[in-house]
Amino acid sequence: MIKLRIIIALFSLVACNRTLEKTESKSLGTDDNTFWIEDDQPLAVNDSLFYLDNPSPLFRKEFKTDKTIGYAELSITAAGYYKASINGSGVGENVLEPAWTDFSKRIYYTEYDVTSLIQNGDNCLGVSLGNGFYNPLPLRKWGRRNLRKDLSVGKPTFLAKLLIRYKDGTSEEIVSDTTWKYASGPILKNSVYLGVTYDARKELKGWNTPDFNDDLWKPVQKGSPPGGKLQKAFFPPVQVTQEISPAEIYSPENGVWIVDMGVNFTGTYKIKLSGNIGDTITFRFGERVYDDGKLNPMTTVIGQIKQKGVGGPGAPDIAWQTDSYIVGKNPDVWFSPEFTYHVYRYMEIVGMDKKPKTGDVKGLFIHTNVTNKNSFSSSSDLLNSIQEATERTFLANLVSVQSDCPAREKFGYGGDLNATSESFIYNFDMQTFYRKTIYDWVDAMNDSSFVDTAPFAGVEYCGISWESAYLTTQYYLYLYYNDTEIIKELYELNKQWMNKVARIHPNGIVDKGLSDHESMEPVPVQLTGTSHYLQCARIMETFASVMGDTINKKKYGQLAENLKNLIKAEFWDKSVKEKINRQTLFSTLLYHGIVPTDEIEAAKDSLLNAVQNGPSGHFNTGIFGTKYVLEALSENSSPNAVFDIVNSRTYPGWGYMLDRGATTIWETWKESDNTYSNNHPMFGTISEWYYRWLGGIRPEPQNPGFKTFVLGPSTPEGLEFVNCTYHSPFGEIVSNWKRMPSGSIRYEMKIPKGSKATIILPLDESQKIKVEKKDKNFKPEKIDGLLTDNFKLDEGDYIITVYSEN
């Protein structure tokens, strides 16, 4: 067991160093002249003292330039959050930097081109620090989990290097060292969970400009290095991507204003404020309102802390998201909080005498700014609305980690990643983000148990179905992007991880952990957990093949066969007498290929029967079963059966959520106004089904990265058209179809250069196919299998018509 711990540590460094080789020019680091620096204020001794005012420090360093500048670059990071400025202007557009990691193992820094911000003569580099996940409050989530015990924590500190290259060929460096000065700023409190208290009376106007008098400022001190290896960020940053205008502003009671942003999202806001000096304006946030129009913040309460004493000494009785602004000398100002983010649709404001104008409030949607070029739309307004809500939910849960919910926990749970990673990939370019995620798992894992989150946050009861996200995410990078480098980089660690699984579950059957979370009927972990073990064995068989490792290919192939037989014997060969969700049961068996080929028809009939016997003939599955049932029904029966359920507003279902006012996907099929998150990705697997079955765009495992792929769109009755676009490593894939007035179906397909597609179309014996291409030399008669519903096409733009001859 000690061996695995050492290997994990070594591979944490190897993964860091290999990525460094690819991404950095001149790295940020410490030396005799460059230090981590911080203020001289000690951390609180007792838990209750963390809730008192602890002003965010401001740091400044003046410097002069007397030559013509060719290029200037700021490299900077922090343990906690930082915000940098030069001569009063903000550096870059990133927020909540750096990305959350285990700061004791890995810290990402960012390089900014700041050439335009530096002026001839006097200059000032300013930095402010926030607590982030490095200096969290000792909130006892669920009454027991203290982040100060579970995370690598410490006093916020930062490291910076400003490199200036002059046109005469010389250069100069301004670094973080003991010549900097600091003072306390107007942010009295900042918590990534609870929010911010800002006292405008304590603003220091011009503090980050060169003509400011800092005689009363204190010298900084060398900080305690967090310990993590420094690595240049190689993934998209967190940014404000959208400004959202309020749909309505109203008053449910005297002195209270409610701002309805129209949609539920993650981020902050900017608002124009006025008042008398010393007045306090308070903001609270929630996903819902009560019937009387008052704010309902309860689904976003931090860690289910909802009564006195639960959160620990000094904690609020109810840990809702709250910001406070204390009015200063300026009567009219714009305010936007820093170093925090909330999830909300509704913002409650107390302390403003006048109703805010709609133009004076903007919601700021904040998330990792992943590339978003893929698209799905259809003739169904309901399906389109579900897609919009799903995309919004996904983005709301991307703030440097992929979270399960953006308020209550903000943790990167592996189960949600296992369920939804393909869905995220279909919607966004996730390659570099998921590479960062895998490194988070490398840093989080240990040698003796399974952990549930990465970065590790102290939770470890869910078992293999959560930690196996470390391996399945690697596989999806391989399948969708042909990323073999991650396999080569982590192959030895992957083998050691499989050895750990074998030690924990020596008999093969997984008997501990969480199963189909939020299923409406019981599901034994022996089914879902062992199926994930089987999936991992098959993945390792594939990885061994990539590595040319014939011995382990055979080993993992045999393990997979043994696990398949164990599941088959327990859940297929004999009837399950205990109460069980039969939708999850049969879809799991079909999805993971456990049912023998000659018995698939029986399994298909059993699954159809289970769905028909579900509530309203709908799905009642949980986190994994929903993904499985969507795929198993479509592959083994018909996507039409799925469409009829999805395109319905009856409970339980996505349409029901939207009919109840949802603009993001719920954590549970049943509506919750007190306990469960209203912004949870796991049921967003419906979006994967849109791309895979209505658009028909599916990768082929034997040729990963869409070298070859399937275009097999479905055309269920009740749907008139679909437009679907996906960007593969080879380029844009287009799969559009439309029913024509003549009764024919017209398909528009684009196969990118360098790839080929297998076309699978719904076709009966009375129908014929016509294929046209934007190529004068194209000869459709030479296409093998054209007269069938299964044929291959090379790169190009095609119009395919399926019609019946009268």
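Guide: Let's start with strand β31, residues 721-728, and strand β32, residues 731-739, which pair in the antiparallel sense over 8 bridges. Two strands count as a pair if DSSP finds at least two bridges between them. Strands themselves are DSSP runs of E with at least two residues, while helices are runs of H or I with at least four, and both are numbered from the N terminus. Before we go on: this is a predicted model, where local features need pLDDT of at least 70 and side-chain atom pairs count only at pLDDT 80 or more, while totals for chains, interfaces and linings use all residues. Residues are numbered from 1 along each chain as its sequence is written, and side-chain values use heavy atoms, with hydrogens and water left out.

Now zoom in on C724, which stands opposite S735 in β32. Is C724 buried or exposed? With 0% relative accessibility, C724 counts as buried. (Buried means under 20% relative accessible area, exposed means over 50%, and partly exposed is in between, using a 1.4 Å probe and protein chains only.)

Zoom out, and our pair belongs to an open sheet of 6 strands, in the order β28-β31-β32-β33-β37-β35, with antiparallel pairing. At the edges sit β28 (375-378) and β35 (767-773), each pairing on one side only. On average, neighbouring strands of this sheet are turned by 10° against each other, direction ignored. (Axes here are lines fitted to C-alpha atoms, for helices over the stretch in contact, and angles run from 0 to 180 degrees between N-to-C directions.) What holds strands side by side in general? Strands of a sheet pair through backbone hydrogen bonds, either parallel or antiparallel.

Since we met a cysteine, let's talk sulfur. How many disulfides does the structure hold? It holds 0, a disulfide being a pair of cysteine sulfur atoms within 2.5 Å. Take C405: its sulfur is 13 Å from the closest cysteine sulfur, in C462, so they are too far apart for a bond. C405 is buried, with a relative accessible area of 1%.

Next, the greasy inside. In soluble globular proteins, nonpolar side chains tend to be buried together. A nonpolar core is a set of buried Ala, Val, Leu, Ile, Met, Phe, Trp, Tyr and Cys residues joined through side-chain atoms within 4.5 Å. The largest one here has 202 residues, and F283 and I800 touch the most other members. Contact means heavy atoms within 4.5 Å, and, leaving aside neighbours within four places in sequence, the partners of I800 include I745, Y747, I769, V771 and F791. Another core lies apart from the largest one and has 28 residues, I69, A84, V127 and F158 among them.

M498 lies in helix α8, residues 485-504, and is buried at 4% relative accessible area. Beyond residues up to four places away, M498 touches L471, Y533, C536, A537, M540, Y556 and L559. Then there's L188, in strand β13 (residues 187-191), buried at 6%.

Finally, charges. The whole structure has 40 salt bridges, each a side-chain nitrogen of Lys or Arg within 4 Å of a carboxyl oxygen of Asp or Glu. One of them joins R60 and D214, whose closest N and O atoms are 2.7 Å apart. R60 is in strand β2 (residues 57-65) and D214 in the loop between β14 (195-199) and β15 (218-219), so this pair ties together parts 154 residues apart in sequence. Both R60 and D214 are buried, and a network of salt bridges links R60, E62, K181 and D214. Another bridge joins E111 and K232, at 3.2 Å from N to O. Because E111 is in strand β6 (residues 106-113) and K232 in strand β17 (residues 229-232), that pair ties together parts 121 residues apart in sequence. E111 counts as buried at 17% relative accessibility, and K232 counts as buried at 19%.
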